[in-house]
Amino acid sequence: MPSPPPPSSDAVPARLARLNDAMRHMITRPGHNRVVMTDAVAQLLGDRSTPAGVDRLRRLFEAVRDFDRFTADNDPYGEHDFGRFELFGEALYWKIDYYDRACGGASPDATNPDVTCRILTIMRVRDY
């Protein structure tokens, strides 16, 4: 079965935004996509084998999942691939990048989830 034609350039940002929002909304069940955090963010969470650590991880994921403050400054291309928020007394970023399914290089078509692995990275602003 042939692949569908690529979307028009006007439709690309909206399609990427829908896919990126869907990935964030399923942050605890990313499927073939991945969610990673820097060591500094992991340290902010503390021991995730304790109730307090689990609660901090839940709060972190909720903050990323529920982020909706997209503006021209933080989302100039309309892809919903970046956010900045405050949590645990720290300024944090999350960023989504598009890789091929093997994560060996860039996705050939970030609008096609069948050939794309989205990697959402959570990091401290001061470590960026």
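Reader: Contact means heavy atoms within 4.5 Å. Leaving aside its neighbours within four places in sequence, which residues is Ser 107 in contact with?

Author: Ser 107 is in contact with Tyr 98, Tyr 99, Asp 100, Val 115 and Thr 116, once neighbours within four places in sequence are left aside. This is a predicted model, in which local features need pLDDT of at least 70 and side-chain atom pairs count only at pLDDT 80 or more, while totals for chains, interfaces and linings use all residues. Residues are numbered from 1 along each chain as its sequence is written, and side-chain values use heavy atoms, with hydrogens and water left out.

Reader: Where is Ser 107 placed, and what does its side chain reach?

Author: Ser 107 belongs to the loop between β3 and β4; helices (H or I, at least four residues) and strands (E, at least two) are DSSP runs numbered from the N terminus. Its side chain reaches the backbone nitrogen of Asp 109 at 3.1 Å. That is a polar contact, defined as a pair of N or O atoms within 3.5 Å; within protein, one must be able to donate a hydrogen and the other to accept it, and residues adjacent in sequence count only if both atoms are side-chain atoms.

Reader: Does Ser 107 count as buried or exposed?

Author: Ser 107 counts as buried because its relative accessibility is 16%. The limits are under 20% relative accessible area for buried and over 50% for exposed, with partly exposed in between (1.4 Å probe, protein chains only).

Reader: Turning to Arg 118, where is its place, and which side chain of opposite charge is nearest?

Author: Arg 118 sits in strand β4. Arg 118 is buried yet has no salt bridge, and the nearest side chain of opposite charge is Glu 79, 7.7 Å away. Lys and Arg count as positive and Asp and Glu as negative, whereas His and the chain ends are not counted. A salt bridge is a side-chain nitrogen of Lys or Arg within 4 Å of a carboxyl oxygen of Asp or Glu.

Reader: Then which side chain is joined to Arg 118 by a polar contact?

Author: The side chain of Asn 20 is joined to that of Arg 118 at 2.7 Å. The Arg 118 side chain also reaches the backbone oxygen of Ala 110 at 2.8 Å. Contacts of Arg 118 beyond four places in sequence include Leu 16, Leu 19, Asn 20 and Met 23, and these residues are among the buried residues of α1.

Reader: What do the buried residues of α1 pack against?

Author: They pack against β1 (34–37), α3 (51–65), β3 (90–100) and β4 (116–124).

Reader: New topic: how many aromatic pairs does a search of the whole structure find?

Author: The search finds 5 aromatic pairs. Rings of Phe, Tyr and Trp (its six-membered ring) pair if their centres lie within 6.5 Å; planes under 30 degrees apart count as stacked, over 60 as edge-to-face and the rest as tilted. The rings of Phe 67 and Trp 94 have centres 5.7 Å apart and planes at 80 degrees, so this pair is edge-to-face. Phe 67 lies in the loop between α3 and β2 (82–87) and Trp 94 in strand β3, so the pair ties together parts 27 residues apart in sequence.

Reader: Which other residue pairs with Trp 94 edge-to-face?

Author: Phe 70 does, at 6.2 Å centre to centre and 85 degrees between the planes. Trp 94 is buried, because its relative accessible area is 0%.

Reader: And how many salt bridges does the structure hold?

Author: The structure holds 9 salt bridges. One of them joins the side chains of Asp 81 and Lys 95 (3.1 Å, N to O). Asp 81 lies in the loop between α3 and β2 and Lys 95 in strand β3, so the pair ties together parts 14 residues apart in sequence. Arg 126 forms a salt bridge with Glu 90, their closest N and O atoms being 3.0 Å apart. Arg 126 lies in the segment after β4 and Glu 90 in strand β3, so that pair ties together parts 36 residues apart in sequence.

Reader: Are Arg 126 and Glu 90 buried or exposed?

Author: Arg 126 counts as exposed at 60% relative accessibility, whereas Glu 90 counts as buried at 13%.

Reader: Which residues are linked in a network of salt bridges?

Author: Asp 55, Arg 58 and Glu 62 are linked in such a network.
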